[in-house]
Amino acid sequence: EDVGKGAFDHYMLKEIHNQSTSLSKTIRGRVDPDEGKVALDELDPEILDGVENVHLVACGTSYHAALFGARMLTDAGVRARVFRASEYAKMAGPTSDGTLVIPVTQSGETADTLSALRTATERDASTVTVTNVVGSTAAREADESVFIRAGPEIGVAATKTFTSQVVTLILLSQKIAAELPDASPREDLSELLAALEQIPNHIDHVVETSRAEELASRLLEYDAYFFIGRGMSRPVALEGALKFKEITYEHAEGFASGQLKHGPLALVTSQTPVFGLFTGEDAEKTVTNAKEAQTRGAEIIGVGPADGPGVAESDAYLEVPDTHPVCQNLLANIQLQLVSYHTAKQLDRAIDKPRNLAKSVTVQ
Ligand code: G6P
């Protein structure tokens, strides 16, 4: 793999563009839409014997991928909870050999995530790490590993690894659901797998047609930036805000759209644009919540399909292909990556190495 920036100004932009390729590698040989089956051959299915519940532990961007994975698991009837890895030892409560703990970590070296992994092992849980790095500490210490195959990521702000983590967790969730007695894979699994096979093309389309750069040029002078989503678009809203604050140094927050009126609405003014994730099954409710912010003067930037429910209500709109609702969320995230990138670039920030941040945090 070419390790330089190539024709790109920054590694982050290269990595955003690279996502069609990296995601193709993530799914290669792992999806069979005709049979409606997921193959994760490196996972010994015996690890799933007797599993009663699942804990996902992670930090930063990986935590948002874990939120997405947990929602896929609960939708399939698996009892799943997500923990910030730094809180796991205190928050998890008792675990047993019926608990499967999934540390989600791009690097496999994040101290808090390794600590949670060790806590899980001490408490007799089984562990399967989802990581990008073969030979990492997490991969060596967990009982099993599932690799996201995203390739090396240089930009401190995670982009392609998030996309590959989410897709790997989608596949793993359906594998777990197929093995557990009280759970079952999604009824629309064949459609979802077929849509996943199309995602590399959809990513190329989003990257080639995105209007994020032109939008960014008039987004530079605001007080704060909010991102709202509901259900499966909530992790995308949280990730959109994290990416934005990491590289623009502007104040950005992500909220569950239904929580806006329980506090954050007090912050909303004409100087706080609101990004509405109008993707997936809960889009219409998020549109309603975005309108509550619009009434207080905020500009609404919708992200969703061309004929989605929020088009007419949005002051600006970033389109995603009208694919499976689960996949729409991933494509919306790519639009938000581009918004963050172009805003940071126009603000002349140090995009690949933001101040005060490290690619891998090896202290607790
Ligand atoms: C750091 C990085 C983030 C990353 C987080 C977790 O904070 O700056 O981009 O999401 O660590 O890293 P991991 O390697 O465990 O996914």
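1. Take the contacts in the chain with a separation of 6 or more: 75% of them come from residues 24 or more positions apart. Bear in mind as you read on that this is a predicted model.

2. On confidence, the chain has an average pLDDT of 96, and 99% of the residues score at least 70. The model-level scores are ipTM 0.98 and pTM 0.97.

3. Now the overall build. The chain has 12 helices and 12 strands. Along the principal axes, its C-alpha atoms fill a box of roughly 55 × 40 × 40 Å.

4. Packed helices are described by two things, the angle between their axes and the distance between the axes. Here helix α3 covers residues 60–75 and helix α10 covers residues 234–248, and they pack at about 170° with axes 9 Å apart. The two helices are therefore roughly antiparallel, since an angle over 145 degrees counts that way.

5. Which residues in α3 and α10 meet? On the α3 side you'll find T61, H64, L67 and F68, and on the α10 side P235, L238, E239 and L242. Sorted by class, that contact has five nonpolar residues, two polar ones and one charged one.

6. Stay with α10 for a moment and find T248, which sits in that helix. Is T248 buried or exposed? T248 has 25 other C-beta atoms within 10 Å and is buried, because 20 or more is the cut-off for that label. Setting aside neighbours within four places in sequence, T248 is in contact with S340, T343, A344, L347 and R349. As for K345, it is 97 residues from T248 along the chain, yet the two C-alpha atoms are separated by 8.1 Å.

7. Next comes Y249, in the loop between α10 and β9 (252–256). This residue is not a glycine, but its phi is positive, at about 65°. Y249 counts as partly exposed, with 15 C-beta neighbours inside 10 Å.

8. D124 is another one for your backbone check. Its phi is near 75°, again a positive value in a residue other than glycine. You'll find D124 in the loop that runs between α5 (111–122) and β6 (126–131). With 12 other C-beta atoms within 10 Å, D124 is exposed, because that label applies at 12 or fewer.

9. A89 belongs to helix α4 (residues 88–91). What does A89 touch once residues up to four places away in sequence are not counted? The partners are S115, A116 and T119. From A89 to A116 the sequence gap is 27 residues, and the C-alpha to C-alpha distance is 6.4 Å. A89 counts as partly exposed, with 17 C-beta neighbours inside 10 Å.

10. Over to V311, in the loop between β11 (300–305) and β12 (316–320). V311 has 15 other C-beta atoms within 10 Å, so it is partly exposed. Leaving out neighbours within four places in sequence, its contacts are G302 and Y317. If you want a distance across the model, V311 and T163 are 148 residues apart in sequence and 25 Å apart in space, C-alpha to C-alpha.

11. How many other C-beta atoms lie within 10 Å of V3? There are 9, and V3 is exposed. Between V3 and T161, which are 158 residues apart along the chain, the C-alpha atoms are separated by 16 Å.

Methods
Residues are numbered from 1 along each chain as its sequence is written. This is a predicted model: local features need pLDDT of at least 70, side-chain atom pairs count only at pLDDT 80 or more; totals for chains, interfaces and linings use all residues. Helices (H or I, at least four residues) and strands (E, at least two) are DSSP runs, numbered from the N terminus. Two residues are in contact if their C-beta atoms, placed from the backbone, lie within 7 Å. Axes are lines fitted to C-alpha atoms, for helices over the stretch in contact, and angles run from 0 to 180 degrees between N-to-C directions. Angles under 35 degrees count as roughly parallel, over 145 as roughly antiparallel, 65 to 115 as roughly perpendicular and the rest as oblique. Ala, Val, Leu, Ile, Met, Phe, Trp, Tyr, Cys and Pro count as nonpolar, Asp, Glu, Lys and Arg as charged, and the others, Gly among them, as polar. pLDDT is the predictor's confidence in each residue, from 0 to 100.
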